[in-house]
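Here are my notes on this one, as numbered points. Have the model open while you read.

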Amino acid sequence: WTDPDLQFYLQLLVTVNAQEVFSALQCRKLAHLANGLPRSFVNVCATAVRYVIEAGGDHVRDYHIDFVKRDLLARWRGRLNNEDYQALIAVLDSDGANVPNALDLLGDGLLIRDGNAPDTQQFRLASWATPLVEAYRRRQMKNTTLTTGD
């Protein structure tokens with residue numbers, strides 16, 4: 001519980017007396033899943049605790065965190081359309097030049113802005129969303145190959 005990079009998130013857990021429910025390693029995993037966003041951190045923690053309560057447990061287990069990640073992927077997989085994927089990819093491939101087309105996705109937490117990063121790296125994809133965008137890119141490449149016959 002002494003990791004300086006996690007102090008903010010650990011303190012959030014202590015504030016609500018949740019240090020008995022989460023380990024420091026689980027806090028790290030959840031902070032990563034939340035991409036460092038406090039609101040997202042609170043949401044993923046609450047979801048993990050909901051799984052514990054539903055199972056009649058008293059501690060968060062690593063598989064509860066895996067369930068949270070799976071739920072995020074499933075929810076967004078069903079919500080994102082081709083235009084959303086294209087907007088995300090345009091921002092990522094242009095070093096942030098196409099952000100106006102992806103403002104909703106920035107607000108939803110799929111696209112993360114890090115003002116402390118170098119100018120060409122200020123926008124990144126949420127860690128949990130990477131598999132969705134990679135799968136979309138593969139589908140597009142496969143469709144292009146089928147269309148062009150290469």
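1. A contact here means heavy atoms within 4.5 Å. Helices (H or I, at least four residues) and strands (E, at least two) are DSSP runs, numbered from the N terminus. Keep in mind that this is a predicted model: local features need pLDDT of at least 70, side-chain atom pairs count only at pLDDT 80 or more, and totals for chains, interfaces and linings use all residues. Residues are numbered from 1 along each chain as its sequence is written, and side-chain values use heavy atoms, with hydrogens and water left out.

2. Overall picture: the protein has 7 helices and 2 strands, in the order α-α-α-α-α-α-β-β-α along the sequence. Its C-alpha atoms fill a box of roughly 55 × 35 × 25 Å, taken along the principal axes. Looking at contacts between residues at least 6 apart in sequence, 49% join residues at least 24 apart.

3. Now the α3/α4 pair. On the α3 side, Val 44, Thr 47, Ala 48, Arg 50, Tyr 51 and Val 52 meet His 64, Phe 67, Val 68, Arg 70, Asp 71 and Leu 72 of α4. The residues of this contact divide into 7 nonpolar, 2 polar and 3 charged (Ala, Val, Leu, Ile, Met, Phe, Trp, Tyr, Cys and Pro count as nonpolar, Asp, Glu, Lys and Arg as charged, and the others, Gly among them, as polar).

4. As for geometry, the axes of α3 (residues 38-55) and α4 (residues 62-79) come within 9 Å and cross at roughly 120°. Axes are lines fitted to C-alpha atoms, for helices over the stretch in contact, with angles running from 0 to 180 degrees between N-to-C directions. That makes α3 oblique to α4; under 35 degrees would be roughly parallel, over 145 roughly antiparallel, 65 to 115 roughly perpendicular, and the rest is oblique.

5. Where does Gln 122 sit? Its place is the loop between β1 (111-113) and β2 (123-125). Gln 122 counts as buried because its relative accessibility is 11%, buried being under 20% relative accessible area, exposed over 50% and partly exposed in between (1.4 Å probe, protein chains only). Of the 150 residues of the protein, 35% count as buried.

6. Leaving aside residues up to four places away in sequence, Gln 122 touches Ile 112, Arg 113, Asp 114, Gly 115 and Ala 117. C-alpha to C-alpha, Gln 122 and Leu 92 are 9.6 Å apart in space and 30 residues apart in sequence.
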